[in-house]
Amino acid sequence: MWIDGVFSGGGLKGFALVGACQVLESQNFRFKRVAGTSAGAILAAFIAAGYSGQEIEKMLEELDVSTLLDPRKTILPLPFMKWVNVYRHLGLYRGKSLEKWFHKKLAAKGVYTFSDLPKGSLKLVASDLTNGKMIVLPDDLDDYQINASTFSVACALRMSCGIPFFFEPVTLKTGKGESIVVDGGVLSNFPLWIFDDTNGRKTRPTIGLKLSHRREEQCPQKIDNGLNLFEALFATMKEAHDERYISRRHEKDIIFIPVEDYSATQFDLNEETKETLMEIGRNRTIEFLKTWPKYRI
């Protein structure tokens, strides 16, 4: 059965998305188009490039995620210097190693630019902070006077995954100047709307994979101090746009994967935790398919 897939952001919790996709593949679902934000963008890009869920799992098993962290070298090796880098370069880590890894894995499938993929098969969400707007890649590159067909998919992925203050943002050089681009989750962490036509209809069944409980199952934010306030503020910004779109009508097409107890930026995840996350994704997908109106296991 051909479907479209939309995957939410969630950093390292995205291992759960891989397990979910493996179950969908085992039930003969095939993705015609895929889209995502941050961790969901990575999965979407690999699927669009031709990787199977099993291949992605093997790829991630072989990856030491800590090698993707590339802090800038400093003259003085003092702890406070990393915060100086945040001030000067807007992030703890450069993000170059992350982009190189994306490039290597996509190149193994012959994917370098968006022209190497079927038109419209992949859409990635990023946030343009300079102009205060959401970007859908590659669709919106024309607005920046950039040739979408020659734009690097690996670079687009890095833009969508650029967690603010954690990775340095991408500076997008355009015909109109420069734009600072960061993680798409700032403006749309779960772009379930992305494949709607002008009348709000979908071309084929769309399944969304969201790394959270249903809204009514989520616990209220506890705010006792300034750090709690910042966390709640950022979480609200990420979810507000998408929650207005999601309704009872759309919820039936969403696989909710509850992984809130895990960290999005824990780059030292052990193998047991990775497998636990993937198993949560698998189990939730099996339960979803038992009641999905468009399918029965």
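This is a predicted model: local features need pLDDT of at least 70, side-chain atom pairs count only at pLDDT 80 or more; totals for chains, interfaces and linings use all residues.

Q: OK, how many helices and strands does the chain have?
A: The secondary structure comes to nine helices and ten strands.

Q: And how much of the chain counts as buried?
A: Of its 297 residues, 51% count as buried. The accessible surface is about 14,800 Å², and 54% of that belongs to carbon and sulfur atoms.

Q: Which residues have the most contacts inside the largest nonpolar core?
A: Those are Phe 7, Leu 122, Leu 137, Phe 151, Met 159 and Leu 209, in a core of 75 residues. There's also a second, separate core of eleven residues, which includes Val 136, Phe 190, Leu 192 and Ile 246.

Q: Let's pick Met 159. What does it touch?
A: Leaving out residues up to four places away in sequence, Met 159 touches Leu 137 and Phe 151, among others. Asp 183 is also one of the residues it touches.

Q: Where is Asp 183 found?
A: Asp 183 is in strand 8, which covers residues 177-183.

Q: Is Asp 183 buried or exposed?
A: Asp 183 counts as buried, because its relative accessibility is 7% and the cut-off for buried is under 20%.

Q: Which side chain does Asp 183 have a polar contact with?
A: With the side chain of Ser 38, at 3.0 Å. Ser 38 is also in the list of residues that Asp 183 touches, as are Thr 37, Ala 126 and Cys 161.

Q: Which strands pair with strand 8?
A: Strand 4 (residues 122-128) pairs with strand 8 in the antiparallel sense over three bridges, with Asp 128 opposite Val 181. Strand 7 (residues 170-174) is also antiparallel to strand 8, over five bridges. In that pairing, Thr 174 stands opposite Gly 177, and a hairpin of two residues joins strand 7 to strand 8.

Q: Switching to helices: how many residues of helix 2 are buried?
A: Ten of its eleven residues are buried, so helix 2 (residues 39-49) is mostly covered. The buried ones include Leu 43, Phe 46 and Ile 47. Just after helix 2 comes Gly 50, with a positive phi of about 110°.

Q: What's in the loop between strand 5 and helix 6?
A: Pro 138, Asp 139 and Gln 145 are among its residues. A cis peptide bond joins Leu 137 and Pro 138, with omega about 5°. Most peptide bonds are trans.

Q: And Asp 139, what does its side chain contact?
A: The side chain of Lys 123, through a polar contact of 2.6 Å. Asp 139 counts as partly exposed because its relative accessibility is 38%.

Q: What about the phi of Gln 145?
A: Phi of Gln 145 is near 55°, a positive value in a residue other than glycine. Most residues other than glycine have a negative phi. At 56% relative accessibility, Gln 145 counts as exposed.

Q: Last one: what is the phi of Phe 165?
A: Near 75°, which is also positive. Phe 165 lies in strand 6 (residues 165-167), and at 53% relative accessibility Phe 165 counts as exposed.

Technical notes:
Residues are numbered from 1 along each chain as its sequence is written. Side-chain values use heavy atoms; hydrogens and water are left out. A nonpolar core is a set of buried Ala, Val, Leu, Ile, Met, Phe, Trp, Tyr and Cys residues joined through side-chain atoms within 4.5 Å. Buried means under 20% relative accessible area, exposed over 50%, partly exposed in between (1.4 Å probe, protein chains only). Contact means heavy atoms within 4.5 Å. Helices (H or I, at least four residues) and strands (E, at least two) are DSSP runs, numbered from the N terminus. A polar contact is a pair of N or O atoms within 3.5 Å; within protein, one must be able to donate a hydrogen and the other to accept it, and residues adjacent in sequence count only if both atoms are side-chain atoms. Two strands pair if DSSP finds at least two bridges between them. Accessible areas come from the Shrake-Rupley method with a 1.4 Å probe; for residues, only the protein chains shown count as cover.
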